[in-house]
Amino acid sequence: MRAPAPRYTPDLNPGVIDLATATLGAMLVEATDLVGEVSLTIDRAQIVPAMIALRDTPGLEYQQLMEMAGVDYPSRPERFDVVYCLLSLTRNHRIRVRVTTDEVQPVPSVTGIWPVAGWLEREVYDMYGVLFSGNPDLRRILTDYGFRGHPQRKDFPLSGFVELRYSEEAKRVVYQPVSLAQDFRNFDFMSPWEGAEYVLPGDEKAPMPAPAQTPPAPLVVTPSTNVAAQGEAKGAPSPVTADQVQKADAAAAEVETAKTDEPKTSEGTAQTGAGKPHPDDGPAPANPDVVPGQGKGQNQ
């Protein structure tokens, strides 16, 4: 798969804008062809006749309304865009139509052209608060009963206005104002080795670092040097002094030397491995099946 979305045939777009401009006339506000997609901006009051012209004009013939969506631009006077995605089955081509509005001015409904627009307009109304005149059942469709505000607006708070819970006293689901368990925390993404100019949460329990002192002279450590013999090094303090450690090491060295100079002696056969191979004290019994010979041995 070379592209994440289906690609349009290159020879379809150039004639679409010219034909749509000639067909719509004053109803067309702007037409653009960006990244292979044709977008038409229509006058809000003329959206219904413009959609009929896009559906019935030969060469356009956008028979199906595939999707509707809303877009919020809070900085504009007419902050909302209502976007219609149309599909031409005969030409296998898609086009995007949009109108602009605000919180008060309604957009004419296109349910008389495409009945499926009833559900799609309810979704845009629920998420953005855009009103549609002529929709027979303009109610919320995604949020719960009693929901305040429109969650897809840019100025809608992340925590909402109210929250619901089950009340044991009322034996039903009740709504109450949002009460956050904790305030929003201010996260600092500074590197830990750079050091913060304030005390981080939890650091107030730690002991304050000691004031800077003159560093001691470096110690030369060899494999045979005892760290404790050079005084107290970094870490936990030693329970004994350096003189006691030196005396203990000297005594241990004398014991090892005495053991090495002592000659090896054997007090008995048990230490050398010599002795009887059997636990009995008498001679080995004679085998009755063996006839003694004339020699000294049993078989000689």
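How many bridges join strand 1 to strand 2, and do these strands run parallel or antiparallel? Six bridges connect strand 1 with strand 2 (residues 37-42), and the two run antiparallel.

## About the model

A friendly word before we go further: this is a predicted model, in which local features need pLDDT of at least 70 and side-chain atom pairs count only at pLDDT 80 or more, while totals for chains, interfaces and linings use all residues. Residues are numbered from 1 along each chain as its sequence is written, and side-chain values use heavy atoms, with hydrogens and water left out.

The pLDDT, which is the predictor's confidence in each residue on a scale from 0 to 100, has a mean of 78 for the protein. Of the residues, 60% reach 70 or more. Over residues 224-233, pLDDT stays under 50. For that stretch the model has 13 contacts (heavy atoms within 4.5 Å) beyond four places in sequence.

## The sheet

Helices (H or I, at least four residues) and strands (E, at least two) are DSSP runs, numbered from the N terminus. Five strands make up an open sheet with mixed pairing, in the order 1-2-5-4-3. At its edges are strand 1 (28-34) and strand 3 (64-72), each of which pairs on one side only. From one strand to the next, the twist averages 20 degrees. Two strands are taken to pair if DSSP finds at least two bridges between them. Strands of a sheet pair through backbone hydrogen bonds, either parallel or antiparallel.

Helix 3 (residues 117-128) lies across strand 3 and strand 4 (80-88), at about 10 degrees to strand 3. Here axes are lines fitted to C-alpha atoms, for helices over the stretch in contact, and angles run from 0 to 180 degrees between N-to-C directions.

## Salt bridges

Side chains of opposite charge can pair when their charged atoms come close. With a salt bridge defined as a side-chain nitrogen of Lys or Arg within 4 Å of a carboxyl oxygen of Asp or Glu, the count comes to 13. One of them joins Arg98 to Glu30, with the closest N and O atoms 3.9 Å apart. This pair links distant parts of the chain, as Arg98 is in strand 5 (residues 93-101) and Glu30 in strand 1, 68 residues apart. A network of salt bridges links Glu30 and Arg98 with Arg76 and Asp81.

Glu37 is in strand 2, 59 residues from Arg96. Relative accessible area sorts residues into buried (under 20%), exposed (over 50%) and partly exposed in between, using a 1.4 Å probe and protein chains only. Arg96, at 30%, counts as partly exposed, and so does Glu37, at 29%. A further salt bridge, 2.7 Å from N to O, brings together the side chains of Asp137 and Arg139.

## A buried arginine

Where is Arg79, and is it buried or exposed? Arg79 is in the loop between strand 3 and strand 4, and it counts as buried because its relative accessibility is 6%.

The side chain of Arg79 makes polar contacts (N or O atoms within 3.5 Å; within protein, one must be able to donate a hydrogen and the other to accept it, and residues adjacent in sequence count only if both atoms are side-chain atoms) with the side chains of Asp72, at 2.7 Å, and Glu103, at 3.2 Å. Leaving aside neighbours within four places in sequence, residues in contact with Arg79 include Tyr73, Pro74, Thr101 and Arg153.
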